[in-house]
Amino acid sequence: MKRIFDTQLIGPFAAMVIVALIVALTTERFLNPGNLSNLSLQVSIVALIAIGSTIVIFAAGIDLSSGSMVALLTMILAQMLKFVGIPLVLALPLILLMGGLLGLFIGLITAYGRIPSFITTLAALIAFRGLALTFNNGSPIFSLDPALEPIFYGKLFGVPMPFFYLVFFYVLAAFTMNFTKLGREIYAVGGNPSAAVLTGINVRKVQTTTFVIAGFMTAVGAILMSARLNSGSPNYGQTLELQAIAAAVVGGASLAGGRGNILATLMGAMTIVIVQNGLNLNAAPSSVQNIVLGLIILLAVGIDMWRAEISGLMGRMFGRPSSQQSSNVKKEA
Amino acid sequence: MTPATPLWEFVDITKAYPGVLANDKVCIRLMPGSIHGLLGENGCGKSTMIKTLSGVQQPDSGQILHNGKPVTISDPQAARELGVATVFQEFSIVPTLSVGENIFLGNMPRSRFGVIDWAKVHNEAARVLAEMNVDVSPETITGSLSVGEQQLVEIAKAVAMDARMIILDEPTAALGEDEIERLHQLLRNMRERGTAILYVSHRLDEVERIVDEVTILRNGCVVRASGETKINVSEIVSAMVGEDIGEHYPKEQNATKDIVLEAAGLATNSGVKDVSFSLHRGEVLGLGGVLGSGRTEIARALFGTDELTGGQITLNGKPVRFRREIDAIRAGLALVPENRKFDGLFFNFRASGNVTAASLGGLSRFGVLNLKAEEQATHDLIRDLEISTQAEEKTVNFLSGGNQQKIVIARWLFSASDILILDEPTQGIDIGAKIAVYKLINRLTREGKSIILISSDHDELLAMSDRIAVVQHGTIMRTVDASDLTHDDLVRASADTPQSKPKEAFA
């Protein structure tokens, strides 16, 4: 257990608590039960997608495609429910399958075509949005199925359903990353791909798998998005990929790969959503929200990059000398 | 013969890190026109000393005298202005820039209008290279040169700035025999011109060949300062380790008659041609040859990394075909790569993740890892191989080179491989750790495992191998008993290869 709840969680957890405290102290309505429940709804979609984004980052890749893929999948789901007449119980698994397949497609091109994931997923980001527009002449499709909404708004024992999805998928992801061969291989590939090759790890297969996971989690997010608004739209999910990556980064995942804790991504997502919620409650315009999100990402990466200096500074401030500074710099070189 | 004032004199230099006294009243005198060896095991305080000398850090106490006058070397720029150039173990050249640009990096000659004076860059660079007797055009892209040539470019930077003192940290770690000879010739020329040279190395055979005097550090203290010109390797070794270690190469004869692996006519697109040899159970087969002769490529061909375009590998009498590394690993092969940093270690893992990386399949059931077994096995291997116990808790980037190398070897002990290919297993690690690796080789062969040893350290190769295959141009010229070969034979047998560029690093 100490493996999962390790020191990597302290920073992101502290950040989340500090941000929550600041918002709670400055905004009266923040702690209203209604707002808190709303918060868990808000965080769910980005936090679920961020599981995939983070796992891709662990393997030293990047996934920019998730936001557009959400739009595409909501349109496909809407098309199936509204115009093709496929029942919901069949449509949902099909959407999950499609998400996985789109991820597989991106993964194969990236890993076997040896094209950097930044490029393949950037291409997908643009192409998926275009594909989404080919449905229903590019117009949103509304009122899909009355049974869809409870998936998002339903409650079990008084707790909103998305809370259970979060628990389920984060437990599964944490288990995979910390206790399975696949998780270990993902960290190994992200840590040192050429060493991974020489230890017999099938690096390309592992890289591809991370994109399949990302595609699947994006499909989960897309279903929730459709359920939330009972519709599909080619405009859904704008900048969602960036929020998901931001959640990973605020959670301390190293963009160089190989390092990070999946549970910290949940805290990263919470931090971001709490900030957005605080700004919302104070009626800040969306322009300000984007500026703040940008600053948070910068700060999170900055803290990661300047960790050695910061611990040195802390040491000087609190009289605890730090010896790791010089050795860190040398080893990173 | 001692000139009146040393060029540099370091008196009672002390530097402490939390919990470690890295340098304890170290004194070194550097004379112009003299090559001074700074020796000691890893962690003895050499690196700390070099950092102080090159202005990277400040000593806690002590005095630095330049031409007899006290000075402070406040930062690397100040060191440069005082004529001190440092060639660090990790190159600081930019591979995508030309040789000329690298030589003047950060110090580009400018014309009146502040624009870079390219004519001067190239002319000056060409002059420096000619002076050094290095046949490389200043316009060549540095990354396309061999490692040895890159090293020379690194030194050319020091020459270009008219350094009066040059510090070389492990300058030959990546060089082949004739490149080392070239470097040494260059250093002798510089010595003639009155440059003071501080030469830091683990390769004692080299030290014997080139240095004029030595300072030996142990646990941060000077244990031996010699002003003499005659240097005795075994004395140095015992001074460094702090005890009489007896046999430097504790070779055991464990070779048997059974053939475990047979290669016939192997060929690859990476330059391996018609390679045939056999490997016996318990044997150490050495591959001798210069850097770029194709030894590493032969290893890659055996391990399934490079595809065979011809030939046949036979394992225990059965023909095998390795389509990828995992096939070779499952068949009992192991590869400890030449560059443990780039191809061997996972710096994001502690010892455990590194040890089990090649055996995850065996360690898991239905894809779930047995973490308890992993911790236990790692714990045992750390104890067995005398690896720093820090490795259990910390990621391996905090470990010394010797400990890191032992962890890479531990990986293949854990995977229970029968045939280990060790590519430069003792490169850049200290004497104590080297001997530990030799003992490990003995233990493996005693257990009936076979080893293919690739080494550029001829003494090591001769002493630790049962037979040696001399590799040239990607093929094995001949295979002889190690006892029938002398150091000179090996140098001569492998040296008449024209310089070939090393294959591009692993993609």
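Two strands count as paired if DSSP finds at least two bridges between them. The legends below describe a predicted model.

**View 1. Strands 6 and 7 of chain B pair in the parallel sense.** Four bridges link strand 6 (residues 84-87) of chain B to strand 7 (residues 165-169) of chain B. B:Met165 in strand 7 of chain B stands opposite B:Val84. From strand 6 of chain B, B:Val84 and B:Thr86 point one way, while B:Ala85 and B:Val87 point the other way. All of these residues of strand 6 of chain B are buried.

**View 2. Six strands of chain B form an open sheet with mixed pairing.** The order of the strands is 16-19-20-13-21-22. Strand 16 (333-336) and strand 22 (475-481) of chain B each have a single partner strand, so one side of each is left without a neighbour in the sheet. Between neighbouring strands of this sheet the turn is 20 degrees on average, direction ignored.

**View 3. Inside this sheet, strand 13 of chain B runs parallel to strand 21 of chain B.** Strand 13 covers residues 284-288 and strand 21 covers residues 467-472, with four bridges joining them. One of the residues involved is B:Gly286, whose bridge partner in strand 21 of chain B is B:Ile468. Helix 17 (residues 431-446) of chain B packs on the sheet and touches strand 13, strand 19 (419-423) and strand 20 (450-454) of chain B. The direction of helix 17 makes about 150 degrees with that of strand 20 of chain B.

**View 4. The domain assignment of chain B gives domains 1, 2 and 3.** Domain 1 takes in 8-241, and domain 3 takes in 339-416. Domain 2 is given as 254-332 + 417-502. The centres of domain 1 and domain 3 of chain B, taken over C-alpha atoms, are separated by 35 Å.

**View 5. Helix 12 of chain A is mostly covered.** Of its 20 residues, 17 are buried. Helix 12 of chain A comprises residues 262-281, and at 1.5 Å a residue it should span 28 Å; the end C-alpha atoms are 29 Å apart, which agrees. A:Ala283, which follows helix 12 of chain A, has a positive phi, near 60 degrees.

**View 6. Chains A and B are in contact through 24 residues from chain A and 28 residues from chain B.** On the side of chain A that touches chain B, the elements giving two or more residues are helix 8 (181-191), helix 9 (193-198) and helix 15 (324-332) of chain A. Helix 8 of chain A gives the most, with seven residues. This side of chain A has nine nonpolar, ten polar and five charged residues.

Key:
Residues numbered from 1 in each chain as written. Chains lettered and ligands numbered in written order. Predicted model: local features only at pLDDT ≥ 70, side-chain atom pairs only at ≥ 80, totals over all residues. Axes fitted to C-alpha atoms, helices over the stretch in contact; angles between N-to-C directions. Contact = placed C-beta atoms within 7 Å. Expected span 1.5 Å × (residues − 1). Buried ≥ 20, exposed ≤ 12 C-beta atoms within 10 Å, placed from the backbone. Nonpolar A, V, L, I, M, F, W, Y, C, P; charged D, E, K, R; others polar. Domains from an automatic or database assignment.
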